[in-house]
Amino acid sequence: MFDRDDELVDRVVRQLRQPVSIDPALDDRVMAEIAADPAPRATSRPRFSLRPWPWLAAAAVLGAIIIARPWTRGAENSGSNAFQFVLVAPQASSVALVGDFNDWDPARSPMRTAQGVWATTVPLAPGRYRYAFLVNGVEWRADPGAPDAHDDEFGTPSSVITVGGNGS
Amino acid sequence: MILTVLLLMTQVAVQDPRLERLDPETRSLVVSVVDSARAAGLPSEPLIQRALEGVTKGAQGPRIVAAVRRLATDLGTARGALGSGATAPELEAGVAALRAGAGPQVLTQLREARRPPLTMALAVLADLVTSGVPVDSASAIVLAFAPTARDADLVEFRRAVERDISLGAPPGAAASVRALNTGIRSTTDAAVPPGQPPRPPSRP
Amino acid sequence: MSQPLGIDSVEASDAELVRRVRTGDIGAYSTLVARYRNRLGRYAVHMLGDREDAEEALQDSFVRAYRSLDRCDDPARFGAWLYGILVNRCRTSGARAARRRRMFVRDADALNGATHADQADRVEWSDTVNRALARLAPEYREAFLLKHVEDLEYDAMARLTGAGVSALKMRVKRAREQLQRFLKEAEHV
């Protein structure tokens with residue numbers, strides 16, 4: 001029994017306003033779908049205009065592992081520009097991926113760990129990217145599986161990944 | 001004093017907000033390098049990323065400015081060798097090749113030998129040298145590959161060479177042997193022994 | 001003067017993130033997705049009545065927003081613009097969702113006569129609300145959710161839905177009346 005109709009609707013509204021929690025895996029699905037066909041977005045800079053060549057994924061990776069995500073939906077072409085970065089660091093409490101693709105910002109690409117294997121996925125447009133892992137916020141590590149950046153000017157190790165494709 | 005303030009205000013108007021992570025003095029120097037580079041038609045994003053790398057790694061201001069200046073100079077050199085049509089990824093890979101020791105003429109030869117984009121070819125060249133392959137060998141091999149190899153082939157070649165090196169092969173020998181086995185078709189030598197200057201492929 | 005290594009990033013604004021995406025930093029878009037995922041998800045779940053449909057609509061909307069990002073005129077209001085894309089996407093999802101809802105309502109009706117333990121009261125109430133919501137006509141449900149759950153002003157709702165303000169007020173009023181009726185019916189079963 002409800003005293004006032006408005007009160008009834010208010011109860012409904014309170015119920016509906018409760019936060020809803022969507023599986024964060026949706027973020028990955030969105031980014032994978034975008035990376036599979038990152039059509040030109042730049043208005044001022046032509047650097048990242050792209051075409052989705054099917055062989056792009058195979059041609060692009062130097063030292064980074066290509067992931068194949070079994071999405072139920074996605075773009076039609078099989079090539080994906082999402083790259084997985086992995087670091088084995090069982091003793092670490094945090095590992096961040098920093099590089100030219102995320103403004104070297106440790107908060108942008110935090111890595112998730114399973115039994116000491118840290119990983120994250122980043123969509124990359126064609127280009128050459130220096131990057132490194134920041135372990136526990138203080139220790140710099142290069143990617144053991146990737147080419148060295150070689151021209152390291154800041155006294156810490158870095159790695160390089162080159163993504164092919166038409167960059168113009 | 002007023003002039004400095006006015007100068008700073010002008011720079012604030014054009015600068016990238018990401019550079020606010022830099023202290024003001026470093027920021028203004030970096031901004032002026034970036035602005036000059038832009039005016040010269042060079043890409044500014046690599047310069048900004050280099051500055052951000054320096055900040056994140058805790059480098060001192062002068063070191064950051066020096067690194068950005070050096071990159072701007074090298075981008076200009078790469079553009080001179082690769083032509084004004086070169087894209088930003090090509091220029092960055094070109095810088096890597098130059099810093100690995102390849103001369104500008106190698107970049108120019110590559111541009112003449114291969115359809116764009118040259119990004120992967122230049123990157124493989126730089127990465128081979130990083131692995132220890134003498135720059136002359138690496139240059140000769142990449143130039144020999146250039147007319148016909150796909151990007152994927154170049155990447156596979158580089159991986160194969162690195163595998164051999166990790167198994168104990170001397171880098172130069174690993175590269176030469178792999179190149180021979182890959183059957184490079186070239187009007188010059190099939191492979192140049194390490195230490196010898198590369199000969200440019202004859203033009204069709 | 002040098003920065004400490006463990007830098008905490010100041011949370012970037014929507015406008016800043018949009019700017020980055022436009023200059024090629026695709027990864028910046030993932031921050032926007034994470035930022036809006038639950039907020040938009042709430043609307044989609046209630047509007048469509050099905051979590052799977054909602055996630056599908058959400059994913060499609062995020063991707064569509066990315067692909068048409070150059071048409072976002074005011075990056076500082078990216079959230080509102082994204083909302084419009086989602087509202088429209090939920091409309092086209094309606095037909096499929098309608099079939100599911102009918103199934104859901106039928107199953108739920110079968111349970112109506114059972115007595116429930118105290119612990120289940122909250123679930124029971126949630127089910128009741130969802131069933132009532134599902135019985136609303138889509139345009140009434142849409143207006144009700146946008147006004148009372150998502151707290152939009154009528155002007156903003158008009159921009160999103162393309163309907164006039166007075167039409168929207170009428171829809172919200174109808175929605176309230178119908179909800180009251182449905183809930184009383186449920187109470188009396």
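This is a predicted model: local features need pLDDT of at least 70, side-chain atom pairs count only at pLDDT 80 or more; totals for chains, interfaces and linings use all residues.
Residues are numbered from 1 along each chain as its sequence is written, while chains are lettered from A and ligands numbered from 1 in the order in which they are written. Local features need pLDDT of at least 70 and side-chain atom pairs count only at pLDDT 80 or more, whereas totals for chains, interfaces and linings use all residues.

**Exercise 1. Describe the secondary structure of chain A and its burial.**

Step 1. Helices (H or I, at least four residues) and strands (E, at least two) are DSSP runs, numbered from the N terminus. Chain A has three helices and eight strands.
Step 2. Along the sequence their order is α-α-α-β-β-β-β-β-β-β-β.
Step 3. A residue is buried if 20 or more other C-beta atoms lie within 10 Å of its own, exposed if 12 or fewer, and partly exposed in between, with C-beta atoms placed from the backbone. Of the 168 residues in chain A, 44% are buried.

**Exercise 2. Find the strands that pair with β6(A).**

Step 1. Strand β6 covers residues 127-135 of chain A; eight of its nine residues are buried, so it is largely enclosed by the rest of the structure.
Step 2. Two strands pair if DSSP finds at least two bridges between them. Strand β3 (residues 95-99) of chain A is antiparallel to β6(A), with five bridges; here A:Ala96 stands opposite A:Leu134.
Step 3. Strand β8 (residues 159-163) of chain A is also joined to β6(A) by five bridges and runs antiparallel. A:Tyr129 faces A:Ile161 of β8(A) in this pairing.
Step 4. Strand β7 (residues 139-141) of chain A pairs with β6(A) in the antiparallel sense over three bridges, and A:Phe133 has A:Arg141 as its bridge partner.
Step 5. β6(A) and β7(A) form a hairpin with three residues between them, and A:Asn136 in the turn has a positive phi of about 55°.

**Exercise 3. Follow helix α2(A) to the side of chain A that touches chain C.**

Step 1. Helix α2 (residues 25-36) of chain A has twelve residues and spans 17 Å from first to last C-alpha, close to the expected 16 Å. The expected span is 1.5 Å times one less than the number of residues.
Step 2. Its buried residues include A:Arg29, A:Met31 and A:Ile34. The buried residues of α2(A) pack against β2 (82-88) and β5 (117-123) of chain A, and against α2 and α3 (51-67) of chain C.
Step 3. Two residues are in contact if their C-beta atoms, placed from the backbone, lie within 7 Å. By this rule, 40 residues of chain A are in contact with 39 residues of chain C.
Step 4. Helix α2(A) gives the largest share of the side of chain A that touches chain C, eight residues.

**Exercise 4. State where confidence in chain B is lowest and highest.**

Step 1. pLDDT is the predictor's confidence in each residue, from 0 to 100. Chain B averages 83, and 82% of the residues score at least 70.
Step 2. The lowest mean, 51, belongs to helix α1 (residues 2-14) of chain B, and the highest, 95, to helix α4 (residues 61-82) of chain B.
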